[in-house]
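Biologist: I would like a close look at one part of this model. Please keep it brisk and give the cut-offs as you go.

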Amino acid sequence: MTDHSPEVATVPAKAQRVLVLQGGGALGSYQAGAYQSLCHFDFEPEWVAGISIGAVNAAIIAGNEGQTRVKRLKEFWEMVSAPVPWKPIGKSDHSRELFNSTSAATCLPRSTASISALTTGEFFPVR
């Protein structure tokens with residue numbers, strides 16, 4: 001029998017740290033939390049890419065200095081995830097329909113404000 005010692009994992013000399021974020025609504029806030037956890041272990045991506053909501057997170061990460069990325073992600077997700085300031089007034093189907101319709105009607109103005117904040121450089125410096 002031959003004595004085999006375990007092989008040590010190696011990283012190729014030209015390897016790069018890449019962060020790829022997919023789309024999917026609520027997954028975006030999860031990505032922000034996962035990125036925060038990675039930062040606790042000094043994860044510093046050389047490349048960041050994303051699709052849909054992942055692209056928004058990627059833009060915030062890539063557009064900010066390392067020390068402000070998590071803060072900016074948190075600010076963005078707190079803004080776009082803000083709950084509606086009212087509660088359903090009853091438990092009937094009609095009350096629920098009214099609540100859902102009102103929430104949907106206010107969604108566009110709130111989304112527009114979020115997009116405006118992204119494009120004006122509030123969450124990352126416009127270069």
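How close do the axes of H2 and H3 come, and at roughly what angle do they cross?

Modeller: First, the ground rules. This is a predicted model, where local features need pLDDT of at least 70, side-chain atom pairs count only at pLDDT 80 or more, and totals for chains, interfaces and linings use all residues. Residues are numbered from 1 along each chain as its sequence is written, and side-chain values use heavy atoms, with hydrogens and water left out.

Now your pair. The axes of H2 and H3 come within 9 Å and cross at roughly 140 degrees. H2 is therefore oblique to H3. The classes are these: under 35 degrees is roughly parallel, over 145 roughly antiparallel, 65 to 115 roughly perpendicular, and the rest oblique. Axes are lines fitted to C-alpha atoms, for helices over the stretch in contact, with angles from 0 to 180 degrees between N-to-C directions. The crossing of H2 past H3 is right-handed. That term means the near helix is turned clockwise from the far one by less than a right angle; anticlockwise is left-handed.

Which residues meet? H2 brings Ile-53, Val-56, Asn-57, Ile-60 and Ile-61. H3 answers with Arg-69, Arg-72, Leu-73, Phe-76 and Trp-77. Contact means heavy atoms within 4.5 Å. By class, this H2-H3 contact holds seven nonpolar, one polar and two charged residues. Here Ala, Val, Leu, Ile, Met, Phe, Trp, Tyr, Cys and Pro count as nonpolar, Asp, Glu, Lys and Arg as charged, and the others, Gly among them, as polar.

Next, the partner H1. H1 and H2 pack at about 35 degrees, with axes 9 Å apart. H1 passes H2 in a right-handed crossing. From H1 come Gly-28, Gln-31, Ala-32 and Tyr-35; they meet Ile-53, Gly-54, Asn-57 and Ile-61 in H2. This contact divides into four nonpolar, four polar and no charged residues.

H1 also packs on H3. The angle is about 160 degrees and the axes lie 10 Å apart. That makes H1 roughly antiparallel to H3. The crossing of H1 past H3 is left-handed. Gly-28, Ser-29, Ala-32, Tyr-35, Gln-36 and Cys-39 in H1 meet Arg-69, Val-70, Leu-73 and Trp-77 in H3. The classes here are six nonpolar, three polar and one charged.

Leu-73 deserves a stop. It is found in helix H3. Leu-73 counts as buried because its relative accessibility is 2%. Buried means under 20% relative accessible area, exposed over 50%, partly exposed in between (1.4 Å probe, protein chains only). Leaving aside neighbours within four places in sequence, Leu-73 is in contact with Ala-32, Tyr-35, Asn-57, Ile-60 and Ile-61. The C-alpha atoms of Leu-73 and Ala-32 are separated by 6.1 Å, although these residues are 41 residues apart along the chain.

Leu-73 also belongs to the largest nonpolar core, which has 12 residues. A nonpolar core is a set of buried Ala, Val, Leu, Ile, Met, Phe, Trp, Tyr and Cys residues joined through side-chain atoms within 4.5 Å. Its members are Leu-19, Leu-21, Ala-32, Tyr-35, Phe-43, Ile-53, Ala-58, Ile-60, Ile-61, Leu-73, Phe-76 and Trp-77. Strand E1 (18-21), helix H1 (27-39), helix H2 (53-62) and helix H3 (69-80) each give two or more residues to this core. H2 supplies the largest share, four residues. Beyond neighbours within four places in sequence, Ala-58 is in contact with Leu-21, Val-48, Ala-49 and Gly-50.

Two loop residues need a backbone note. Most residues other than glycine have a negative phi. Asp-42 has a positive phi, near 60 degrees. It sits in the loop between H1 and strand E2 (47-50), and is exposed at 65% relative accessible area. Ser-52 has a positive phi of about 55 degrees. It lies in the loop between E2 and H2, and its 52% relative accessibility counts as exposed.

Last, the whole chain. The protein has four helices and two strands, in the order β-α-β-α-α-α from the N terminus. Helices (H or I, at least four residues) and strands (E, at least two) are DSSP runs, numbered from the N terminus. Of the 127 residues, 22% are buried. Among contacts with a separation of 6 or more, 68% join residues 24 or more positions apart.
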